[in-house]
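The following exercises concern an interface between two chains and the setting of one residue. Each task is followed by a worked solution.

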Amino acid sequence: MAAVQETVDRVRRIDVDQYRYGFETLIESDKAPKGLSEDTVRFISAKKNEPAWMLEWRLEAYRRWLTMTEPKWARVDYPRIDYQDLYYYSAPKPKKTIGSLDEIDPEILETYKKLGIPLREVEVLEGVVRPEGERRIAVDAVFDSVSVATTFQKELKQAGVIFMPISEAIREHPELVKKYLGTVVPTSDNYFATLNSAVFSDGSFVYVPPGVRCPMELSTYFRINERNTGQFERTLIIADKGAYVSYLEGCTAPQRDENQLHAAVVELITHDDAEIKYSTVQNWYPGYSEGKGGIYNFVTKRGDCRGNNSKISWTQVETGSAITWKYPSCILRGDNSRGEFYSIAISNGHQQVDSGTKMIHLGKNTTSRIISKGIAAGVSQNTYRGLVTAHRKATGARNFTACDSLLIGDKCGAHTVPYIEAKNSSALFEHEATTSKISEDVLFYCVQRGLSQEEAVGLVVNGFVKDVLQQLPMEFAVEAQKLISISLEGSVG
Amino acid sequence: MSLLEVKNLQVRVEEREILHGLSLTVNPGEVHAIMGPNGSGKSTLSHVIAGKPGYEVTGGEILFKGEDLLEMSPDQRSAKGVFLAFQYPVEIPGVATMTFLRTALNAQRKARGESEFSTPDFLKKVRSVAASLNIPQDMLRRGVNVGFSGGEKKRNEILQMALFEPSLCILDEMDSGLDIDALRVAADGVNALRSPDRAMVVITHYQRLLNYIVPDFVHVMSKGKVVKSGGKELALELEASGYAQFEDAA
């Protein structure tokens, strides 16, 4: 709480200097120089035409970061990251402002196709008009740090929904950004979140005004493109009183030689009676079979059920990354608020996953539900780490947790590390955990009926994760199902 | 041409020889019963024909429709028409029976270069077969074999047999765990699938099953070999005199 207040105060303080530096002149270079310094932070801020208060905010985070040390408690093992050997900003070739999707480089569209971005997104990107009544998805495509396309703006505008790159929101809606940025994940929160606060490149900003149900699902595809460029996405979503929004995030990354650092921050805020549903399908490059390369994914995702009767639901399908360090959490501050976490985490090859959630019950009669499905194959390590805690005043808090792990082969590991703290006697927490192995008998049964080994594994795994897949929006679930099968290819001999 | 020719088959499991030169010829339209005491190698034979991992074939060959079966992966054998009804069908939680049936059927058809079944045709077919086997629609929506009774599991095996239309059905201890009513339903299902182009190999301990599924040939296995073959009357003879006489013959 103190940290949040601190951030708010800081934002207020630097507001005074808001326009001292104004909007800096354009810098010709597309890439920040290698390494991290105050100059890098200034470069990024200038590149984004940011007002002075934002630069100050970043610099404060940077100075804080210098005093911090990288956390080591997660069950992941990786070579030391040389933060001075990374690029912190890169942009695609400078383009003129984009008025319509037709102006997007066809090569970029082609890349999306190769990445398997489903037809409906391609349709959206290509401007195909769908029949009235069909559910639509708005895509804010982030291509290597800079948003190159934002669709459906007009219709969202009619509904009063703001959906834009956060770099634009900083300029166009500074009052909203200042009010909410860093209030869920303070700049001092943790090593990676602080780093993100200093150097975040871009991300999405969503504001749904009171009583508005966002007319479509909002979707962003992230992709790392430039070699050696750390990606620092920053997402901020606010559902005002009685509002509802469903947000889909999907990631893919191409093959790489060197490890890439990805440290995103996502903040969600729900006011009274509001709901945010945040779904992720993550498919960063997991590295070569011997474990080299691949994305390091250190993500801080947190939702704040600030209002009474509000709800935040995280659904994630994690299939990629060499290292995953990610705990989408809910602060259940409002009375009767509800947090949900549905997760499928798949690790294959040499992947290491340490993921889970935190449900922090502060308000009265708050409820939370955690369904985690971990699947480990190859020589991977898959850890569920979760915290469920009830504050002294959180009377009537309820949690249900089910953690199931599935092992494929005998060289991988699944671990469950639950932390449960109840500081009042009326809290009721339930925890269930199972670990099982795909048996030879089940696989043989399936192949006897005509399925190939891989189809058989895919089928069994999809059955195992069914409870979570059901939480995803329909089209996303179909993709996720395919992705699960793909990511387990070669996991059986 | 014979449908299945097993010639002088020798099989090991973990350094121990289980089958010592087994031969068996099955023609289309025939029903063969394979009987024998525990440990005589009956189930091993069914597993090796279906291609279950863990068995090492050290000698002999298996021809199916004139082709070398041992060269094929288990799913290829399935697509070619080999069906094994399991003694203990496995459970697959979260995978609806209907989904499983469709995935398997389409995988087989795809492997044969045939078009996938259309949804209405598939549903129509499943429903009519399910009705004939007394399988309620609700069972098709549940996870494969999850929470099924012994009888339901066996009926589900026969349902798949009817859907996939294999040319060779191997029934491994189909009667185990079934009461007499469940056995009759299952046997009726199997009998309905008897046809001039389809052969069946019925593996069982007991003559009882053969009252319901009447075989054309009976083979007695002992210690990894067929020690005696005959007509259906051989089963009755066994029922009267037991397997002991063959222990020495082997």
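**Exercise 1.** Determine how many salt bridges the rule finds across the interface of chain A and chain B, and describe the elements of chain A that take part in the interface.

*Solution.* The model is a predicted one.

Step 1. Two salt bridges are found across the interface of chain A and chain B. In one of them, the side chains of A:Arg449 and B:Glu157 meet at 2.9 Å, N to O, which lies within the 4 Å cut-off.

Step 2. Polar contacts between chain A and chain B number eleven residue pairs, both residues being at pLDDT 80 or more.

Step 3. On the side of chain A that touches chain B, α10 (440-448) and α11 (453-464) each supply at least two residues. The most comes from α10(A), with eight residues. By class, this side of chain A holds nine nonpolar, four polar and five charged residues.

**Exercise 2.** Is A:Thr319 buried or exposed?

*Solution.* Step 1. A:Thr319 is located in the loop between β12 (311-318) and β13 (323-326) of chain A.

Step 1. Its relative accessible area is 2%; the limit for a buried residue is under 20%, so A:Thr319 is buried.

Step 2. Beyond its neighbours within four places in sequence, A:Thr319 is in contact with A:Gln282, A:Asn283, A:Ile346, A:Gln351, A:Leu483 and A:Ser487.

Notes: Residues are numbered from 1 along each chain as its sequence is written. Chains are lettered from A and ligands numbered from 1 in the order in which they are written. This is a predicted model: local features need pLDDT of at least 70, side-chain atom pairs count only at pLDDT 80 or more; totals for chains, interfaces and linings use all residues. Side-chain values use heavy atoms; hydrogens and water are left out. A polar contact is a pair of N or O atoms within 3.5 Å; within protein, one must be able to donate a hydrogen and the other to accept it, and residues adjacent in sequence count only if both atoms are side-chain atoms. Helices (H or I, at least four residues) and strands (E, at least two) are DSSP runs, numbered from the N terminus. Ala, Val, Leu, Ile, Met, Phe, Trp, Tyr, Cys and Pro count as nonpolar, Asp, Glu, Lys and Arg as charged, and the others, Gly among them, as polar. Buried means under 20% relative accessible area, exposed over 50%, partly exposed in between (1.4 Å probe, protein chains only). Contact means heavy atoms within 4.5 Å.
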